[in-house]
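Thanks for coming, everyone. Let me put the model up on the screen, and then we'll walk through it piece by piece.

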Amino acid sequence: MNFKEEILQGIPAQIPGVKAYDTDVNHAPKRKKILSSEEEILALKNALRYFEPQHHATLLPEFKQELDDYGRIYMYRFRPDYKIYARPINDYPGKSEQAKAIMLMIQNNLDHAVAQHPHELITYGGNGAVFQNWAQYRLIMAYLAQMTEEQTLAVYSGHPMGLFPSHKDAPRVVVTNGMMIPNYSQPDDWEKFNALGVTQYGQMTAGSYMYIGPQGIVHGTTITVLNGFRKIKKSPQGGLFVTSGLGGMSGAQPKAGNIAGCVTVCGEVNKKATHTRHSQGWVDEVFSDLDKLSDRVKEALAAKEAVSIAWDGNIVEVWEHFDKENIHVDLGSDQTSLHNPWAGGYYPVGLSYEKSVTMMANDPDQFKIEVQRSLKRHAAAVNKHTAKGTYFFDYGNAFLLEASRAGADIMAENGIDFKYNSYVQDIMGPMCFDYGFGPFRWVCATGDPEDLAKTDAIACEVLEEIMKNSPKEIQQQMQDNITWIKGAQENKLVVGSQARILYADTEGRTKIASAFNKHISEGKIGTIILGRDHHDVSGTDSPYRETSNIYDGSRFTADMAIQNVIGDSFRGATWVSIHNGGGVGWGEVVNGGFGMVLDGSKDAQRRLESMLFWDVTNGIARRSWARNEEAVFAIKREMDRNPSLKVTLPNFVDDSLFKK
C-alpha cells in the first residue's frame with residue numbers, strides 16, 4: 001500500500017500489529033493518575049468507539065495498559081508506518097488544494113525533526129497536542145483527502161466530528177481546542193478530561209497546524225533580545241543573555257542570541273532536547289561543568305563573541321554560580337514551560353530529570369512541593385543579579401505567575417504587580433503589537449528551497465519599498481525585519497517545512513501576500529500557505545503575556561480573540577482555530593489562529609485583502625481603546641488609508657482631575 005492509499009483508508013479494517021515502544025524517540029512524561037475506576041472505564045469506552053466491535057476485545061487490554069503506563073491512551077499501534085514530514089503538496093491525495101495544504105501542515109507539526117514528543121502527537125510545550133490519539137490523526141487525514149471545496153471539517157479538540165456541507169468561501173476546517181466551561185478550566189481539569197479523551201491542550205500553533213519549528217519564535221526572540229539591549233543602552237556585542245529551556249519553542253533562544261550578536265547561556269535538564277538542538281546547530285556548545293562554563297563565558301565576553309552555550313543541567317545552578325563568580329548578566333529571562341508546571345514544564349533543582357519524571361507521575365503532591373521550592377530558589381538567585389543591574393523580564397511562560405503562587409520574593413511593593421515586567425509590557429507590546437507588527441509567516445507548499453529563496457527576496461523588496469514612505473515611529477521595526485529577512489538563508493532557520501516568518505503590520509502582510517499571489521499566478525513560484533503565530537496583535541487574550549500592556553482593566557476579557565477567529569472565518573481564511581490555554585497555561589488564555597492558501601487566483605486575492613486587514617486591525621482597535629498611544633497612532637493611520645474603517649477612539653482624561 002502506497003502513501004496515498006494509506007491516507008485514504010483512514011482507520012484500517014484489519015488492525016495493524018502492535019508497535020514496540022521506541023526508546024530513541026523523545027517521549028511525553030507519564031501523566032499522573034487522576035481518573036476514578038469508573039472514569040477509567042469511561043476513558044476506555046471513549047477510545048474503543050473509534051473501532052469496529054470485533055476489535056474491542058483485542059484493543060481493550062492494550063489501551064488499558066497505555067492508560068496505566070502513560071496516563072493517556074495514544075493508540076500507538078495505529079501510528080503509521082510511513083515517515084511523517086511536510087511532503088510537497090502534490091504528493092497528497094485529495095480533491096481540494098486547500099485540504100492538501102492542511103494535510104501538509106499537520107504532517108509538518110508531527111515531523112520528528114519538529115515535534116517535541118512525536119509519538120504522543122505533541123508538538124511543543126510538553127502538552128501542546130495536534131491530536132489526542134492516532135485514530136484521530138488517521139480519520140482527519142482521510143476526511144481531508146475526501147473533502148471538496150463545498151465542505152467544512154469540524155474538529156473538536158482533535159476529534160473529527162465530520163465533514164459538513166458549506167461553500168467555497170467557508171473555512172475548510174474549523175478547529176476548537178480545550179474550550180471548557182469556565183469553572184472547569186483548572187490544571188487538574190485538563191488532566192482529567194484529557195485522560196478521558198474528550199479535550200486537549202492545543203498550545204498555540206500545535207493544535208492549529210501552524211507550527212514551523214523553532215524558527216517560529218527565533219524572530220520574535222531576536223527582536224526581543226535586540227530591543228532588550230537597546231532598553232539598557234548597550235550593544236549586544238560583549239553582552240550576556242541567560243535563560244533556560246531548549247525543548248520546543250524555547251530552543252529558539254540560542255539561535256536568536258547568535259543572530260543578535262551576544263553570548264547566550266541556556267539551561268536544559270533534558271539531555272535529549274539538548275542533543276537535538278546541538279545536532280541541529282541551534283546551540284553551539286554544551287557544558288556540564290559549572291567552572292568550565294564560567295571560564296568559557298568570560299572568554300567569550302572578553303572576545304565579544306556571538307556564541308550560544310547550553311548548560312546541561314538546571315538553570316538555577318547557573319544563576320547561583322554566576323552570582324558567586326560575579327559574572328555580570330545583562331539580560332535575564334526564563335522559557336521553561338511553566339504554563340504546565342506539574343507535568344513536565346519545569347524541573348526542580350536538586351532532582352535529576354529521571355527522578356523528576358518518576359515523581360511527577362507517582363507522587364505528584366511531592367513533585368509540586370519540589371517545583372515550588374525550586375521556584376523560590378530560582379527567584380532568589382535572579383533577585384541577586386537584578387540588584388547588580390541585570391535587566392530581567394518574564395518571557396510569557398508564566399514564570400512570574402507560578403513563582404508568585406509558590407510564595408517567591410517576586411512581588412512589587414504594592415503587593416499586586418510583579419517586580420519585573422513581562423517582555424510584552426516592556427518591549428513587544430509598545431514597540432510591536434500596538435503598531436500592528438506581529439509574526440506573519442508562510443510555507444512553500446512545493447517543499448522547494450528555491451521557492452523559499454524567491455519568497456524571501458519578494459518579501460524583502462516589498463518591505464524596502466514600504467519603508468521609503470513609512471513614518472518614523474515604525475522605521476526601526478521596518479529595518480529590523482529587512483535585516484532579518486536578508487540574513488534568513490544564512491542563519492539556516494528551516495526545520496521541517498520550507499517556511500519563513502517575519503514581523504509585519506497590516507500594510508506589510510497584505511502587500512507581501514499580494515506579491516506572492518501574483519508570482520504564483522505567473523508560474524514563478526508554487527502554492528503558498530499563509531499563517532501566523534497566535535502570539536500576535538489580535539489573536540490572543542492573555543493577561544500575563546500578549547495583552548499584559550492593556551491597562552484599562554480589560555486584560556482578563558477574551559472578546560478580542562473570539563472576535564478575531566469569527567471575523568477571519570467569514571473573511572476568507574482556509575482554516576481557523578480557537579484554543580483555551582496556549583502559551584501561558586490552561587485557563588489562563590484564549591487564542592485564535594488561521595491558515596490561508598494562496599493559489600494565484602482572484603479568489604485568493606480577494607480573501608487575503610479582506611482577512612489579513614481584519615486579522616490585524618481588530619487588535620489595533622482594541623489596543624487603541626485601552627488608551628495605548630502607539631495603537632491610537634496606528635488605528636488613525638489605518639482609518640486614513642481605508643475610508644470604510646470607522647473605529648471608536650478614546651478620549652484621554654487628565655490625571656490631575658483625580659488629585660486631591
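So, in which sense do strand β10 and β11 pair, and over how many bridges? Parallel, over two bridges, with β10 covering residues 331–332. Before I go on, the housekeeping: this is a predicted model, where local features need pLDDT of at least 70, side-chain atom pairs count only at pLDDT 80 or more, and totals for chains, interfaces and linings use all residues. Residues are numbered from 1 along each chain as its sequence is written, and side-chain values use heavy atoms, with hydrogens and water left out.

Helices (H or I, at least four residues) and strands (E, at least two) are DSSP runs, numbered from the N terminus. Two strands count as paired if DSSP finds at least two bridges between them.

If you want to find your place on it, V155 has P160 in β4 as its bridge partner. This is a hairpin with two residues between the strands, and S157 takes a positive phi there, near 45 degrees.

The search runs on a 1 Å grid over the protein atoms alone: a cavity is a set of points where a 1.4 Å probe fits but cannot get out, while a pocket is an open set with protein on both sides within 12 Å along at least five of seven lines. Lining residues have an atom within 4 Å of a point. For volumes, grid points are joined across faces, edges and corners, and we take the space filled by probe spheres set on the points.

The largest pocket has a volume of about 550 Å³. What lines that pocket? There are 28 lining residues, and Q186, P187, D188, P341 and W342 lie nearest the centre. Helices α6 (187–196), α13 (364–386) and α14 (399–405) each supply at least two of the lining residues, and α13 gives the largest share, five residues.

As for cavities, the count is nine of 30 Å³ or more. The largest cavity comes in at about 350 Å³. Its lining also holds 28 residues, with E268, T336, G344, G345 and Y347 nearest the centre.

On to charges. A salt bridge here is a side-chain nitrogen of Lys or Arg within 4 Å of a carboxyl oxygen of Asp or Glu. The whole structure has 42 of them. I'll also be saying buried (under 20% relative accessible area), exposed (over 50%) and partly exposed (in between), with a 1.4 Å probe and protein chains only.

Take E325 and K298, whose closest N and O atoms are 3.2 Å apart. That pair links distant parts of the chain, 27 residues apart: E325 sits in α11 (residues 315–325) and K298 in α10 (residues 290–303). E325 is partly exposed at 29%, and K298 is partly exposed at 38%.

E402 and R405 also form a salt bridge, at 3.0 Å between the closest N and O atoms. Because they are three residues apart in α14, about one helical turn separates them. Buried or exposed, E402? Buried, at 8%, whereas R405 is partly exposed at 45%.

The side chains of E522 and K518 meet at 2.7 Å, N to O, in another salt bridge. Elsewhere, shared partners join D505, E507, K511, R637, E638 and R641 into one salt-bridge network.

Last stop, the surface. M179, I562, I566 and F570 make a nonpolar patch of about 380 Å². Patch residues have over 30% relative accessible area and no salt bridge; like charges are joined within 9 Å, and nonpolar side chains (Val, Leu, Ile, Met, Phe, Trp, Tyr) within 5 Å. Areas come from the Shrake-Rupley method with a 1.4 Å probe, and for residues only the protein chains shown count as cover. F570 is in α19 (residues 559–571) and is exposed, at 58%.

That's my tour; over to you.
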